[in-house]
Amino acid sequence: MRHSSGLRAGTRQVLKKKPRQRGMFPLSKIMYQYRIGEKIIIDIEPSVHKGMPHPRFNGRIGEVIGRQGRAYIVKIKDGKKFKQIIARAEHLRPLNGFQ
């Protein structure tokens, strides 16, 4: 049988929640408004597939450079290059915690 090569292939441990964190995530993750220039951490929420960045960027620190609909455009450094990641608010968290 051929190996699957989808977006979530090989992420059984990476995109797994702890038993007491399962279910709906706090709504404050969606309600928080990120400002342009704010530092954020890409923290993938496994229960939401929409607007999910690629799992290789999980845990990276970036900077919000704009909006695209309901999502945010985040600039991260990947090696020597800068890349733009489009992710929704539930997959982001502020670097200094929620205010």
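# Notebook: salt bridges, strands and pockets

I began with the charged side chains, where Lys17, Lys29 and Glu45 are linked in a network of salt bridges. I note at once that this is a predicted model, and that the structure holds six salt bridges.

**Entry 1, the pair Lys17 and Glu45.** I looked up the contact between these two side chains and found a salt bridge with an N to O distance of 2.6 Å. Because Lys17 lies in the segment before helix 1 and Glu45 in the loop between strand 1 and strand 2, the pair ties together parts that are 28 residues apart in sequence.

Arg93 is partly exposed at 35% relative accessibility, and Asp43 is partly exposed at 27%. I also recorded the salt bridge between Glu90 and Arg88, at 3.8 Å, N to O. Here Glu90 is buried, with a relative accessible area of 6%, and Arg88 counts as buried at 17%.

**Entry 3, strand pairing.** I followed strand 1 (residues 39-42) and saw that three bridges join it to strand 2 (residues 61-68), the two running antiparallel. Within this pairing, Ile41 has Ile61 as its bridge partner, while Ile40 is partnered by Gly62. Strand 1 also pairs with strand 5 (residues 92-94) in the antiparallel sense, over three bridges, and there Ile42 stands opposite Leu92. Moving on to strand 2 and strand 3 (residues 71-78), I found five bridges between them, again antiparallel, with Glu63 opposite Lys75. These two strands form a hairpin with two residues between them, and Gly69 in the turn has a positive phi of about 70°.

I placed Lys77 in strand 3 and noted that, at 49% relative accessibility, Lys77 counts as partly exposed, a value I checked against the limit because exposed means over 50%. Leaving out residues up to four places away in sequence, Lys77 touches Arg60 and Phe82.

I located Gly23 in the segment before helix 1 (28-31), where its 44% relative accessibility makes it partly exposed. Beyond its neighbours within four places in sequence, Gly23 is in contact with Lys17 and Ser47. I also compared its position with that of Ala89, which is 66 residues away in sequence and 17 Å away in space, C-alpha to C-alpha.

I looked up the largest pocket and read a volume of about 340 Å³. Of the 15 residues that line it, the closest to its centre are Lys17, Gln21, Asp43, Ile44 and Pro46, and by class its lining has six nonpolar, three polar and six charged residues. The second largest pocket has a volume of about 190 Å³, and its lining has seven nonpolar, one polar and four charged residues. Among the residues that line this second pocket are Phe25, Tyr32, Arg67 and Tyr72, and I noted that the lining also includes Arg88, Ala89 and Glu90.

Note on methods:
Residues are numbered from 1 along each chain as its sequence is written. This is a predicted model: local features need pLDDT of at least 70, side-chain atom pairs count only at pLDDT 80 or more; totals for chains, interfaces and linings use all residues. Side-chain values use heavy atoms; hydrogens and water are left out. Helices (H or I, at least four residues) and strands (E, at least two) are DSSP runs, numbered from the N terminus. Buried means under 20% relative accessible area, exposed over 50%, partly exposed in between (1.4 Å probe, protein chains only). Contact means heavy atoms within 4.5 Å. Two strands pair if DSSP finds at least two bridges between them. On a 1 Å grid over the protein atoms alone, a cavity is a set of points where a 1.4 Å probe fits but cannot get out, and a pocket is an open set with protein on both sides within 12 Å along at least five of seven lines; lining residues have an atom within 4 Å of a point. Grid points are joined across faces, edges and corners, and a volume is the space filled by probe spheres set on the points. Ala, Val, Leu, Ile, Met, Phe, Trp, Tyr, Cys and Pro count as nonpolar, Asp, Glu, Lys and Arg as charged, and the others, Gly among them, as polar. A salt bridge is a side-chain nitrogen of Lys or Arg within 4 Å of a carboxyl oxygen of Asp or Glu.
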